[in-house]
Amino acid sequence: MTDEELKAEVTAWLAANWRGAPQRTERFGPDPRAEWLAKVRDAGWAAPRWPKEWYGRGLSDAQARIVESCFAEAKAPGTGQDRSNLWANTALAHATETFKRQIVPQLLAGEVGMCLLYSEPGAGSDLAAIRTRADKVEGGWRVTGQKVWTSGAHIADYGMLIARTDWSVPKHRGISFFFMPMRQKGVDVRPLRQITDETHFNEVFIDDAFIPEENLLGNLGGGWGVLQTALAYERSVMGDAARGARSGAKEAHGDAALLELAREAGKLSDPLVRQDVAQVIAWRMLNSLNTRRAKAELKQGTSSSIMSLGKLAMSRILHEEGRVRTELLGPESLLQGPDHPRAEDANFLSLNAYFTSIGGGTDQIQRNIIGERVLDLPREPEVDRDVAFSAVVAGR
Amino acid sequence: MTRAQRRPWERDACMTQVMTHEERTALRDSVRRLLADRCAETDVRRVMASDTGHDDALWRELAGLGVAGMLVSEDNGGSGLGPVELELVMEEFGAALSSAPMISTAMAAMLLDGARAQALAAGELIVAVAPLGVHDWTGQSDVRVAGGRAEGVARFVPDGQIADLVLLAGDDGVYAVARDAFSATSLPVFDRTRRLADLHIDGPVERICDGSRVAGALAVGLLALAGDQAGGARRVLEFTVDYARERRQFGRAIGSFQAIKHMAADLLLEAESATSAARNAAEQLAGDAADRDGALALAAFACADAYVRCAKDGVQMHGGIAFTWEHPAHLYLRRARSGAQLFGDSRHWRERFIQALEAQS
Ligand SMILES: Cc1cc2nc3c(=O)[nH]c(=O)nc-3n(C[C@H](O)[C@H](O)[C@H](O)COP(=O)(O)OP(=O)(O)OC[C@H]3O[C@@H](n4cnc5c(N)ncnc54)[C@H](O)[C@@H]3O)c2cc1C
């Protein structure tokens with residue numbers, strides 16, 4: 001198929017089918033656009049780079065971009081999930097055949113709510129130090145432990161869980177990766193109030209919960225490797241975009257909005273403001289140029305450490321945009337609430353920037369990763385790296 | 001120097017209390033103890049959630065310690081102290097996130113005399129000060145005073161929601177507005193420890209002094225805020241460093257990682273610089289030094305910026321735990337952000353700083 005034929009086909013399909021869909025405001029939980037997304041999936045546009053048997057069309061990256069640009073032009077969501085859908089990509093790359101058949105289509109249509117059961121009270125940056133255990137039983141595993149900061153757990157059907165299945169080997173080697181059903185006895189989700197005054201994240205207490213055999217991803221004890229794929233996708237998503245407003249509306253931030261705010265505030269002719277606004281917009285632009293270049297080099301099912309740059313860049317962008325917006329508003333930024341939407345946005349952005357600079361691995365950890373994996377600098381010495389985890393636990 | 005241009009602590013040199021270092025330390029310690037007892041984090045959160053954002057019982061106790069009347073002369077029932085003591089006490093208020101109306105009270109002490117000054121010192125009269133005209137840092141207040149009446153709106157007035165009396169402070173004079181001549185709209189503020197109100201004024205006013213005292217009142221307000229910021233910055237750094245010592249990841253304290261250690265060292269530089277700037281401004285103000293404007297402007301932006309940076313990086317250095325409402329770090333971040341706007345932002349004060357330098361050279 002030539003590029004022109006492809007373009008004509010996508011455009012015609014969109015013209016025949018796209019009638020608009022509700023806005024998605026939550027990153028987690030079932031997607032309100034599920035009906036539309038199912039249509040996109042069934043037509044093969046959800047993940048066009050994927051093979052036909054997996055709802056794709058086996059397109060090259062260049063042709064998949066044509067599909068994406070047609071969708072973007074029509075302002076229709078749903079394509080490009082072969083790059084952006086963390087859950088579906090992880091499942092496709094590592095899930096068992098049986099489980100993949102069930103979950104991948106649901107994930108592409110956003111029919112199931114998902115969450116990430118990684119962090120624990122004692123294992124944040126040092127994620128390999130998790131103590132949640134999964135013990136083999138007839139037909140699956142029994143899980144006990146505690147997770148924390150779990151975004152979306154309260155509305156999730158499955159959690160991507162890392163748990164320890166072998167305590168006799170060093171910490172990175174005894175971990176396995178599962179899709180754990182969330183709606184069962186033994187999974188207790190308790191909301192945590194955030195500094196933004198929202199409750200998107202939770203504590204999850206797991207007490208003898210069950211995971212069926214086929215929900216294991218990758219090899220038993222190979223969870224750390226699966227996690228690297230999943231983290232790379234997560235960080236790449238976080239490097240691409242972030243909630244700029246409490247409403248989650250994309251229009252509330254971004255270049256045009258910042259420029260407009262400066263104009264509204266009557267400060268667009270102030271040379272210092274011009275410099276500040278230009279810098280934020282430039283950082284955003286440079287970041288998307290970087291990620292575009294990095295993604296073109298990324299093959300399906302592999303992880304690219306270059307993508308870690310995007311998240312670090314986005315963290316700087318968000319914190320700085322929060323500062324500039326606050327400066328633009330002046331005294332108005334002292335306020336909050338629905339009657340003061342501009343102030344609400346500036347304050348929300350300034351706080352929620354930590355979602356990106358702490359969540360998904362802190363900026364400090366990102367810098368370590370970039371230094372060690374991308375720049376090949378010597379590793380930070382790690383005292384418990386080669387010690388059996390049971391000995392680490394006993395030693396504490 | 002004419003009488004009106006002098007600060008109250010200079011009105012009558014023999015009446016001004018000069019505290020020894022030990023006395024100052026004792027004053028600071030008694031305020032610190034009272035706040036530790038009555039303005040602990042749970043109290044701060046209780047007051048944050050209250051309608052008025054004010055703890056009147058604590059305010060009266062502070063008044064009993066002589067804090068409300070610090071800058072009120074002894075003949076008016078005050079302690080007759082000066083900027084140095086005010087700054088020191090404000091560091092404690094800032095560290096404890098106190099919502100006591102101390103900045104407003106210190107400013108009012110510069111403008112009131114007689115019975116009103118007495119009631120202020122006793123903690124019985126809460127007075128809000130609304131700077132107008134050239135002093136209006138909000139750029140949004142609009143109050144017209146003519147023929148013994150005032151009408152209009154004064155915006156973002158600290159403690160306006162609990163004020164018994166409002167002082168309109170403009171270049172052409174200071175006017176007292178009694179409780180029945182204004183109504184206050186409490187604002188939905190981002191920092192719930194520092195309440196602000198829009199004051200709708202319509203009624204008779206009483207001229208209480210000429211405009212020459214206003215600069216002194218504003219200077220005191222700015223100084224009090226700088227002290228609050230320096231104290232807040234130091235407290236955030238303190239509990240952040242404590243956490244970095246305790247929290248372990250990768251088998252070691254996170255403070256052993258240079259990323260954290262270096263941030264902490266940078267924040268110490270910020271917090272100490274803020275403290276130096278605030279204390280220097282207090283001394284310059286007390287001594288009525290020629291470059292006091294420069295010293296005040298310096299304190300205004302150095303303290304505001306240092307506090308924002310300490311509170312911001314403090315959250316980052318804690319990781320996920322500081323993203324929770326239950327953790328105090330965000331309360332400091334909110335307070336740092338509100339202080340950075342109050343009385344003008346850092347860009348304004350950097351500009352005033354260089355103007356002061358130009359005027360000197
Ligand atoms: C809004 C939000 C949403 C989140 N959502 C999820 C979720 O859905 N699922 C999930 O599993 N987790 C989630 N997290 C958790 C997040 O991944 C962790 O908070 C993060 O990895 C840091 O771990 P920690 O909070 O334990 O901090 P710690 O690891 O204790 O870090 C504390 C400080 O030490 C620093 N530090 C630690 N180790 C090093 C080092 N080696 N070198 C230099 N500095 C270091 C950190 O940078 C940080 O500043 C979320 C967090 C936030 C804030």
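# Helix packing and a shared ligand site

Author: Helices α1(A) and α2(A) are roughly antiparallel to each other. Angles over 145 degrees carry that label, while those under 35 count as roughly parallel, 65 to 115 as roughly perpendicular and the rest as oblique. This is a predicted model, in which local features need pLDDT of at least 70, side-chain atom pairs count only at pLDDT 80 or more, and totals for chains, interfaces and linings use all residues. Residues are numbered from 1 along each chain as its sequence is written, chains are lettered from A and ligands numbered from 1 in the order in which they are written, and side-chain values use heavy atoms, leaving out hydrogens and water.

Reader: At what angle do the axes of α1(A) and α2(A) cross?

Author: Two packed helices are described by the angle between their axes and the distance between the axes. Axes are lines fitted to C-alpha atoms, for helices over the stretch in contact, with angles from 0 to 180 degrees between N-to-C directions. Helices are DSSP runs (H or I, at least four residues), numbered from the N terminus. Here α1 (residues 3-17) and α2 (residues 34-43) of chain A cross at roughly 150°, their axes coming within 12 Å.

Reader: Which residues make the contact?

Author: Contact means heavy atoms within 4.5 Å. Trp13(A), Leu14(A) and Asn17(A) of α1(A) meet Trp36(A), Lys39(A), Val40(A) and Ala43(A) of α2(A). By class there are 5 nonpolar, 1 polar and 1 charged. Nonpolar covers Ala, Val, Leu, Ile, Met, Phe, Trp, Tyr, Cys and Pro; charged covers Asp, Glu, Lys and Arg; the others, Gly among them, are polar.

Reader: How do α5(B) and α9(B) pack?

Author: In chain B, the axes of α5 (residues 83-95) and α9 (residues 258-287) come within 8 Å and cross at roughly 155°. That makes the pair roughly antiparallel. Their contact has 7 nonpolar, 1 polar and 4 charged residues.

Reader: What surrounds the ligand?

Author: A residue is near a molecule if one of its heavy atoms lies within 4 Å of it. There are 31 such residues around the ligand, and the closest are Ser119(A), Ser125(A), Trp149(A), Thr362(A) and Arg247(B). The surrounding residues come from chains A and B, so the site is shared between chains.

Reader: Which atom of the ligand lies 2.6 Å from Arg247(B)?

Author: An oxygen atom, with a polar side-chain atom of Arg247(B) at that distance. On the chain A side, a backbone N or O atom of Trp149(A) is 2.8 Å from a ligand nitrogen atom. A side-chain N or O atom of Ser151(A) also lies 2.8 Å from a nitrogen atom of the ligand.

Definitions and conventions: Helices (H or I, at least four residues) and strands (E, at least two) are DSSP runs, numbered from the N terminus. A polar contact is a pair of N or O atoms within 3.5 Å; within protein, one must be able to donate a hydrogen and the other to accept it, and residues adjacent in sequence count only if both atoms are side-chain atoms.
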